[in-house]
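My entries follow the model.

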Amino acid sequence: MITIALTWPSAVAAQGTMGLDVGAKAPGASVQTLDGKPVDLSSFIGKGPVVLEFWALWCGNCKELEPQLLSLSKKYAGKVTFVSVAVSVNESPERVKRYITKYGFTHQVVCDATGAAVDAYAVPATSYVVVVDRTGKIVYTGLGGVQNLEAAVRKGL
């Protein structure tokens with residue numbers, strides 16, 4: 001068995017320096033609902049602020065962000081759309097469904113089975129967060145388990 005260790009720069013160093021540029025227009029990308037129905041990320045953009053998190057069940061940084069993300073998705077329900085995009089590496093919709101049920105996710109969760117969203121958003125690693133304002137402009141990007149998502153969400157409002 002081969003073990004691969006991945007290391008990422010600190011969240012402070014990574015914010016705004018990887019992935020898409022702050023100020024860019026948020027792209028669409030074809031993903032799937034957990035029931036396998038096609039949906040495009042563009043359907044969430046331009047109707048109000050959106051928080052996208054590219055995550056995986058096995059991602060330690062994602063797990064570290066999870067309490068903050070779940071709390072904010074409840075706090076800003078109806079004002080901000082939260083979308084967790086499950087990457088296609090070692091995941092299945094069934095495993096994701098079990099996980100979000102177990103941990104009480106109340107926001108939208110989609111699967112990026114083909115990697116289209118990862119490519120469109122130039123995702124450098126899991127735990128990558130993108131905040132999009134109501135006009136469709138990216139106002140925040142961050143990477144890592146330690147991010148101030150409350151401040152990021154406020155940038156989108």
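The entries below go from the sheet to the helices.

**Ground rules.** I worked from a predicted model, where local features need pLDDT of at least 70, side-chain atom pairs count only at pLDDT 80 or more, and totals for chains, interfaces and linings use all residues. Residues are numbered from 1 along each chain as its sequence is written, and side-chain values use heavy atoms, without hydrogens and water.

**The sheet.** I took helices (H or I, at least four residues) and strands (E, at least two) as DSSP runs, numbered from the N terminus. I counted two strands as paired if DSSP finds at least two bridges between them. I found an open, mixed sheet of 7 strands, ordered β2-β1-β5-β4-β3-β6-β7.

**One pair.** I looked up β1 (residues 30-33) and saw that it runs antiparallel to β2, joined by 3 bridges. S30 has D40 of β2 as its bridge partner.

**Two helices.** I fitted axes to C-alpha atoms, for helices over the stretch in contact, with angles from 0 to 180 degrees between N-to-C directions. The axes of α2 (residues 60-75) and α5 come within 10 Å and cross at roughly 40°. The two helices are therefore oblique to each other (under 35 degrees is roughly parallel, over 145 roughly antiparallel, 65 to 115 roughly perpendicular, the rest oblique).

**Who touches whom?** I used heavy atoms within 4.5 Å as contact. From α2 I noted L65, Q68, L69, L72 and K75; from α5, L149, E150 and V153.
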